[in-house]
Amino acid sequence: MSTDKGLIRPYSFVLIQVNRVIDAFWIFAGLFVVMEYRGGWNSDSAWLALLATSLFALISQLNNLYRSWRVAPLHDELSVIWRSWFSTLLIVVLVLYVFNDLFQLDKTVVLLWLIVTPMLLFATRVVARLGLSLGRRSGRNFRTAAVVGMNEIGHRVADRILFNRWMGVRLIGYFDERALNHERLTVGGPVPLLGNMDDLVDRAGAGEIDIVYIALPMRAETRIKELIERLTDTMVSVYFVTDFAVFDFLHAQWETLSEMPVLRVIDSPFNGFNGFSKRLQDICLSSLSLLILGIPMLIIAVAIRVTSPGPAIYRQLRHGLDGHEFSIYKFRTMTAEAITTHYKQAERDDPRVTRLGAFLRRTSLDELPQLINVLQGRMSMVGPRPHPLQLNDDHATLIQRFILRHKVRPGITGWAQINGLRGETETVDKMRSRVEYDLEYINNWSFWFDFRILILTVIRVWRDRNAF
């Protein structure tokens with residue numbers, strides 16, 4: 001086996017620092033390009049670029065941007081860049097608003113800067129990935145890995161390595177203390193069983209292995225501890241992989257309790273900086289949407305009052321963050337008498353729905369007042385849709401993990417809705433599917449995910465036949 005693994009790995013720390021410098025350069029360059037296009041660079045521009053560069057350095061550090069992304073997909077890295085840059089520019093806009101007398105910057109410049117700079121930052125990562133991919137195809141810049149445990153967990157680790165060759169990780173085989181049998185050999189596929197723990201330690205000590213993935217069950221605590229102790233005398237990196245999926249966690253993550261490592265089993269992804277960024281995003285998007293849609297919303301309100309007696313907007317109690325009740329705002333789409341009676345889900349061709357109301361519901365324009373809920377902090381632009389109290393109570397005991405959807409703020413739109421799960425939930429299976437999508441959103445949340453959902457909402461809302 002060739003031991004030529006390229007020249008990048010020994011200088012990974014230096015390359016990370018180079019990335020920091022390149023990012024700072026692109027932030028300056030992005031503003032410079034925009035300013036030259038809009039009127040010319042000046043001293044205010046320099047100060048703002050310096051402020052943005054400093055903020056981006058701090059925020060990206062909090063988001064753990066400057067690290068090895070070898071085994072992470074490109075979109076994960078780009079998501080962190082976008083989140084860091086978006087948060088940076090929001091703070092810059094706040095500074096511009098507070099110190100309006102000191103800094104003068106056209107709103108168009110800010111918008112263009114918001115778009116141009118991440119394109120430059122993204123391009124750097126894409127080019128770097130392409131260069132690394134070419135190097136790895138020629139046999140350079142790779143790391144060798146071994147999996148301890150020829151079992152289901154070990155096979156899943158092996159599959160991820162084999163089918164994601166862009167990571168630059170070469171799997172040499174399994175190591176297991178148990179005797180080889182036909183069943184485990186078949187499941188293992190093309191990856192060979194190379195020996196037991198003694199063989200692993202010998203090969204690691206000889207420098208033939210860079211990474212060891214321990215895929216033993218948690219009940220094998222003694223064996224795991226002994227193996228790790230033996231591997232401390234080698235230069236390998238050791239990762240412990242266990243099947244946490246059996247616990248059906250929600251947004252599981254490792255944290256520390258006074259320097260003691262603990263596993264967060266069930267929690268919201270919007271704690272700490274993520275929560276601040278998500279809230280900042282909601283405030284900006286809802287404010288901008290209200291400015292753009294304010295007049296159309298006023299016209300809709302007048303049309304409702306003219307076409308049927310009763311208020312234009314009505315309130316209904318829903319469950320929000322942590323299960324707390326709040327009043328959701330919607331344009332009235334039913335007759336005034338209907339909305340004061342006992343709760344009942346709207347059905348297709350429901351006689352309670354007015355003619356204008358049918359149009360509003362079909363196009364989801366009846367949801368626009370919820371932008372006010374978002375601005376109040378009771379809802380988010382994207383999240384699980386809030387249900388009426390009775391609908392929640394009817395399903396909370398029928399569907400496992402139903403209540404976990406309340407670990408985040410409810411949204412105007414959500415992952416379930418753009419996947420066709422809108423409208424009436426006349427069966428428990430329909431509600432169960434909706435909950436599954438909601439929990440998938442919580443577990444996989446990112447700013448890119450939110451952006452994707454918002455774009456798909458705009459595209460699909462006019463064609464959705466489940467809204468009535």
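Which backbone oxygen does the side chain of Arg-434 reach? Before I answer, some conventions. This is a predicted model, in which local features need pLDDT of at least 70 and side-chain atom pairs count only at pLDDT 80 or more, while totals for chains, interfaces and linings use all residues. Residues are numbered from 1 along each chain as its sequence is written, and side-chain values use heavy atoms, with hydrogens and water left out.

The answer is the backbone oxygen of Leu-421, at 3.1 Å. Arg-434 is found in helix α14, residues 428-443. Helices (H or I, at least four residues) and strands (E, at least two) are DSSP runs, numbered from the N terminus. Arg-434 is buried yet has no salt bridge. Buried means under 20% relative accessible area, with a 1.4 Å probe and protein chains only; a salt bridge requires a side-chain nitrogen of Lys or Arg within 4 Å of a carboxyl oxygen of Asp or Glu. The nearest side chain of opposite charge, Asp-438, is 6.0 Å away; in this count Lys and Arg are positive, Asp and Glu negative, and His and the chain ends are not counted.

Let me turn to the chain as a whole. The protein chain holds 15 helices and 11 strands. Of its 468 residues, 46% count as buried.

Next, the sheet. An open sheet of 5 strands runs in the order β3-β2-β1-β4-β5, with parallel pairing. The edge strands, β3 (193-195) and β5 (237-240), each pair on one side only. Two strands pair if DSSP finds at least two bridges between them. Strand β2, residues 169-175, pairs with β3 in the parallel sense over 2 bridges, and Phe-175 stands opposite Gly-195 in β3. Helix α5 (residues 152-162) packs on this sheet, touching β1 (143-148), β2 and β4 (211-214), and its direction makes about 160° with that of β2. Helix α7, residues 197-205, also packs on the sheet; it touches β1, β2, β3 and β4, at about 145° to the direction of β2. For these angles, axes are lines fitted to C-alpha atoms, for helices over the stretch in contact, and values run from 0 to 180 degrees between N-to-C directions.

Why does Ile-161 count as buried? Because its relative accessibility is 4%. Leaving aside neighbours within four places in sequence, Ile-161 is in contact (heavy atoms within 4.5 Å) with Ala-145, Met-167, Val-169, Leu-171 and Tyr-213. Ile-161 and Leu-171 are 10 residues apart in sequence and 6.9 Å apart in space, C-alpha to C-alpha.

Key: Buried < 20%, exposed > 50% of the residue type's maximum accessible area, 1.4 Å probe, protein only. Polar contact = N/O pair within 3.5 Å; in protein donor to acceptor, adjacent residues only side chain to side chain.
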